[in-house]
Each structure stands twice: as C-alpha cells, then as structure tokens.
Amino acid sequence: GDEMEIDNNALLRQHYILGPEIGKGAFSVVREATHRESGEKVAIKSINTKFIKNKLLLREIEIMKKVGDHPNILKLYEVYETTRHLHLVLELVKGGELFDKIVQRGEYSEQDASKIVRQIVSAVGHLHASGIAHRDLKPQNLLCSGQDGDDIRVADFGLSKIFDGGEYLETCCGSPEYVAPEVLECKPYDKACDLWSVGVITYVLLTGCFPFWHQHLNILYEKIRNVEYGWPENLDISESAKDLVSHLIEKNPEKRYTYEQCLAHPWVNGTGVSMVKKI
Ligand code: ADP
Ligand code: MG
C-alpha cells in the first residue's frame, strides 16, 4: 500500500509542482499547483479515500470529466488515484466562493442576481441534459471567476453521490438550508432537487437571508417541508423575481420548474429584469 502511494504521488509530482493550500473541505484539501510542461496554474483537490464509500463510484469521475465541458462548470482535467488519495486536477478559480461575496455584499441587485442565476441554470441544464443531478448546489459550491468575479463555475457536481449520503449532508454541508423537502423525507428524488436549490440560492442573492432558517434542525426541516417562507418587507423585490422563486421553491417536484422553464422565464433570460437601479 505505502509503496504504491509513494509511486502514484510521485507521478503527480512528476507532472505538477504543488503549491500552497488554498482551501479545505470536510473530506479534502485543495492546493494550487503548476503544470510543469505548460506552466498552467491549476487547483488540485486531494480527497482522502477513506471517505469514499464505494470505489466503483470512482468511475463516475470519468463521466464528470466528459460532462464538465461547459463555460459555467468547473473543469476537471485529470484524476490521479492512489491508495490513500484521489487527486482531482481542476481549473483554478481565483475569485473565491459566491457565499463569501454574498456575505460581503449583503444582497445583489436584481440585474446582478439574474446574471448569476442564468449561469447556474445554464450549468444545471447542461448536467441534467447529460443525465446528472448535482445534488449539492449551494453558494459554497459556486466559485467566482473572471475580472469582476461574476463568472460562475459550478463545482463539486456528482461528488455527493460518492460519499455516504447522511454523513455527507451532516458533516459536509453542515447547513441543510438548500435541501429540497423530498430529500429530507428520503423519498426517491431526482434532478428536480437541484432546481429547489436554485430557488433558495436566488432568494439568498436577492435578500441576503435564507428563506428557511432556524437554529434547531428539526424546526428548520419542518419549515422546509411546509414551504414556510416569506419575503422581507423592507426590500423592493420585483414580482417577476418572486414568481420565479415561487416556481422553484415548490414542494411538488413534478410541478417545480425544470431548467428549460427557468431559462424561458423573463427574470432569468433578462427580458424581465428592471433596469432601474435600486437606491
Ligand atoms: P468539499 O468537497 O469538501 O466541499 P471543496 O471542493 O468545496 O471541498 O473545496 C474546499 C475549498 O477549496 C473551498 O473553500 C473552495 O473555495 C476551494 N476550492 C475548491 N476548488 C477550487 C478551485 N478549483 N479553485 C480555487 N479554489 C477552489
Ligand atoms: Mg464543496
């Protein structure tokens, strides 16, 4: 085991110069690195294999490599598998997590929020059209790129399947605020759960607050199950935005908007967003 580990890590180092740590997840460490041959900077996410519940699922990662070819999906270039680690060589994104930007800014103008939501829905559409559900959409998994940091890259898709569901939700998300009711109720769920999360993310962008929140998890779950949320009265949010969110934060997954319906919605495609700046 150890010999193999050294060999395979040597292979990684043969191709990449490992740089400083730039992030840490519950199951992984992310480092900056430089590809020796091209000089290109990348991010290498190293996952400890003891957290992977089923090695067969590693094949999913090969699928992810093919599916991830979309401007709003974080690119996965290469995978190095060792006995103790899985190293994912990823596109390096410099702008940080959307979560931090929301915290800094408080809330987004409708125009800015619409631009971000459009990119997320476009990425989700690409995944869904390829038969893949993300299952863990939240601002922590949305990385910001580009000069103004408003080019969005969806990260971590498909990964939630690799980890043990319950453990992953509890230890990794820590915050189940974005989770659809059918997921909480352990009903069989599919891609529609991603659109619920898009609705919650849209709400968070527009208000700077969660639609569902409570410090006690069982009360939070109850609120999600009963779709118990309102809009802050001090914010002037357009009817178009509220209409979109109401079709996403929709209890019945069959009635919930699909990505196609989202892309056709005036608030998402830009035809319905007021150009008037909020003051
Ligand atoms: P986990 O799978 O445990 O959620 P993440 O993939 O979210 O771990 O990575 C942990 C941290 O590393 C995050 O805070 C994220 O900002 C950062 N990170 C992950 N991937 C990249 C990347 N490609 N470029 C830059 N930072 C990244
Ligand atoms: Mg993550």
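Predicted model: local features only at pLDDT ≥ 70, side-chain atom pairs only at ≥ 80, totals over all residues.
The chain contains 12 helices and seven strands. Of its 279 residues, 35% are buried. Among contacts with a separation of 6 or more, 65% join residues 24 or more positions apart.

Ligand 1 is surrounded by 20 residues. The closest are G23, G25, V30, A43 and V93. Strand 1 supplies the largest share, three residues. By residue class, the shell holds 12 nonpolar, three polar and five charged residues.

One position in strand 3 carries an annotation. K45 is found in this strand. The UniProt record, an unreviewed entry, marks K45 as "binding site". K45 counts as buried because 24 C-beta neighbours lie inside 10 Å, and the cut-off for a buried residue is 20 or more. Beyond its neighbours within four places in sequence, K45 is in contact with S28, V30, L88 and L90. V30 is also listed among the residues closest to ligand 1.

The largest nonpolar core comprises 64 residues. Within this core, I120, V154 and V198 touch the most other members. Helix 8 (residues 192-207) gives the largest share, 11 residues. Not counting residues up to four places away in sequence, V198 touches V117, I120, V121, V124, L137, L248 and C262.

Strand 6 (residues 142-145) and strand 7 (residues 151-154) form an antiparallel pair. Four bridges connect them. L143 stands opposite R153 in strand 7. The two strands make a hairpin with five residues between them. In that hairpin, G146 takes a positive phi near 80 degrees. In a regular strand, side chains alternate between the two faces of the sheet.

Technical notes
Residues numbered from 1 in each chain as written. Chains lettered and ligands numbered in written order. Near = placed C-beta within 6 Å. Nonpolar A, V, L, I, M, F, W, Y, C, P; charged D, E, K, R; others polar. Buried ≥ 20, exposed ≤ 12 C-beta atoms within 10 Å, placed from the backbone. Contact = placed C-beta atoms within 7 Å. Core = buried A, V, L, I, M, F, W, Y, C linked by C-beta atoms within 7 Å. UniProt positions renumbered as here; feature names shortened; annotations may be inferred. Pairing = 2+ DSSP bridges.
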